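User: Could you go through this structure with me? I would like to start with the fold and then turn to the contact between the chains.

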Amino acid sequence: MSLLRKERANVKRLFSLTILLVIGLLGLFAPVLMPHDPLAVDISKKFLAPSWDYPFGTDHLGRCVFSRMLLAIRYSLGSALVIQIVAILLAILVGAFVALKRGIVDYLFIRICDILLAFPTLVLAFGLLGLLGPSLKNVLIALVFTQFIYYSRLIRGLFIGLNEKDFIQAARISGTSGIKLIIRHYIPNLLPPIVTIVVLDIGKVILEIAGFSFIGLGVQAPIPEWGMMVNEGKQYIRQHPELMLYPGLAIVLVVLLLNHLASSFKKLG
Amino acid sequence: MYESTWMFCLKRILTLPFVLLGVSILTFVFIRFVPVEPAEVILRLARVAPTAEAIQALREELGTDKPFLIQYLLWIKGVLHLDFGTSFVSKLPVAHELFAKLPATIELAVAAFVLILGISMPLGIISALYKHSIIDKVIRLFTVMSVSIPTFWLGFLLLYLFSLKLGIFPTNGKGTLAHLVLPAFALALPTIGLFVQFIRSAIIEELQQHYVQYAQLRGLKNSVILVRHVLRNAVIPLSTLLGMTLGNLLGGAVIVEQVFSWPGLGRYLIESIINRDYPVVQCYVLIIAVIYVLANLCTDVLHRLLDPHLMMKDRRD
């Protein structure tokens, strides 16, 4: 029974992973796969119904919605991946350093974190964005920063939890140096929780990027991003609600798959 | 060593000034990240040519040519008198406008909070009691969906369905209860999902405790066990979620207010960000951080007072 359940969980995980990979590849090869130039404006072709030529029809500027959806994968899923990877790598560097040093460095680190975590994450991101000005680059900076604070504290905790373990002590006594200790002993043992956290939050980050772009603080026109496309479609909600439907559904699908993947990782260990 | 509840509260309250000091310094330093000179922004907004002399004169007037520490002390002196500077755009005191917009956001957040509790409690309880049944699966699907839907998109779906197609609720504006329903629901939904998951697993865990078995053996009715014992214990850990919920509501409000044209703090913030009205952004971040810090303090203390485990340990020492 438990074996059967495990097998079923494996199949489900593989299923989500495959679809996500396909979506990722679609984004990667978007320039080849796009039937039209996603930025080409042609007012005479605006609001065309879906056809063989334009699978999802065209938007208010006569741009091919299907091509825009494909290219948007890079800006929605792609930027979220970049944010998560940069944030977790920085966090591992800082968290590991602080956890191995302890003492005054650790104390200062915790105090600074306390102050930074006194701001709700989204509000901190809004504040940073407000000062840096609206752009995709600044959204990346703001979100890397907010994710980094949270992760570095988490990683510090995970590392300190291992500090007292026998095998770490043994490695220390036999003279393993700091960097080797981190790479050979700490990280392999902490990989499962770290991967789970990173995957779990990709969905959240996609939603945040989309939210910022929707408000007009993130990806700027004419670059397609799903949140941005919802924003563009909102004026035509009465006549052409499908313009908002496609990008919204794409966000929901990707975030659902990511959440499913993360929860199956969590069950795994 | 276990510290007593009162010691804990005292310590927590004593660290408050330090956190607030740090928050104020950080909020002040924030403005230094600005890639452009504030004096230049003001001149441009006033449609004055930003010449070097004009910028210099304005900097002296604003006090931004003074040393950093002096600037901070002057600013914090103003803040303590509720003077957060003047808006670049409207030339009115920032505090005046922000506090005028605060009630609308609080109204929305409170309504969302009522919805969160009102919807997630019954769903969580049903889902736990009928674990692994069809109804549990449906509720769990709902919770997974609720955390995966972008708030702004959900807002538009609700608008399209209930306002444009069915005509039950007004599309935007504020005033009556009907205006409040859709935005509050859109704001509440992501947090509802988290609460349902939390309540479900808390109840399932409590049901496996020995005291439940003992209560059954004593012949108590299941409904009595559920309400008097299980629910009481399962609800206490919810207090740890309150801080996060407040953060979600304040952050989410920025987006929801934009969708439903709700005249609150969030919309004002976005407007100010786009106009590069830095004093407003700074003031907003500071006010929200202070609210958040105080709320977190309250939940920590509340949790400490409510949790019988912690109180018991307290007495034992």
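Analyst: The answers below concern a predicted model.

User: What helices and strands are there in chain A?

Analyst: Chain A has 10 helices and 0 strands. Read from the N terminus, its elements run α-α-α-α-α-α-α-α-α-α.

User: How much of chain A is buried, and what box do its C-alpha atoms fill?

Analyst: Of its 269 residues, 40% count as buried. The C-alpha atoms of chain A fill a box of roughly 75 × 55 × 30 Å along the principal axes.

User: What share of the contacts in chain A comes from residues 24 or more positions apart?

Analyst: Such pairs make up 67% of the contacts in chain A that have a separation of 6 or more.

User: Where does UniProt put the transmembrane regions of chain A?

Analyst: The UniProt entry, which is unreviewed, places them at residues 14-34, 75-100, 112-133, 139-162, 190-223 and 243-262 of chain A.

User: What does the model show over 139-162 and 243-262?

Analyst: Residues 139-162 of chain A are 100% helix and 0% strand, with the end C-alpha atoms 34 Å apart. Residues 243-262 of chain A are also 100% helix and 0% strand, and there the end C-alpha atoms lie 30 Å apart.

User: Now the contact. How many residues does each chain give?

Analyst: Chain B gives 37 residues and chain A gives 37 residues. On the side of chain B that touches chain A, α13(B) gives the most, with 7 residues. By class, that side of chain B has 31 nonpolar, 6 polar and no charged residues.

User: And which residues have the most contacts inside the largest nonpolar core?

Analyst: They are L129(A), I206(A), L187(B), L269(B) and Y284(B), in a core of 136 residues. Helix α3 (residues 65-101) of chain A gives the most to this core, with 18 residues. The core also draws at least three residues from each of domain 1 (5-81) and domain 2 (95-314) of chain B.

User: What does I206(A) touch?

Analyst: Leaving aside residues up to four places away in sequence, I206(A) touches S76(A), L77(A), A80(A), I251(A), V254(A) and V255(A).

Notes:
Residues numbered from 1 in each chain as written. Chains lettered and ligands numbered in written order. Predicted model: local features only at pLDDT ≥ 70, side-chain atom pairs only at ≥ 80, totals over all residues. Helix = DSSP H or I, 4+ residues; strand = E, 2+ residues; numbered from the N terminus. Buried ≥ 20, exposed ≤ 12 C-beta atoms within 10 Å, placed from the backbone. Contact = placed C-beta atoms within 7 Å. Nonpolar A, V, L, I, M, F, W, Y, C, P; charged D, E, K, R; others polar. Core = buried A, V, L, I, M, F, W, Y, C linked by C-beta atoms within 7 Å. Domains from an automatic or database assignment. UniProt positions renumbered as here; feature names shortened; annotations may be inferred.
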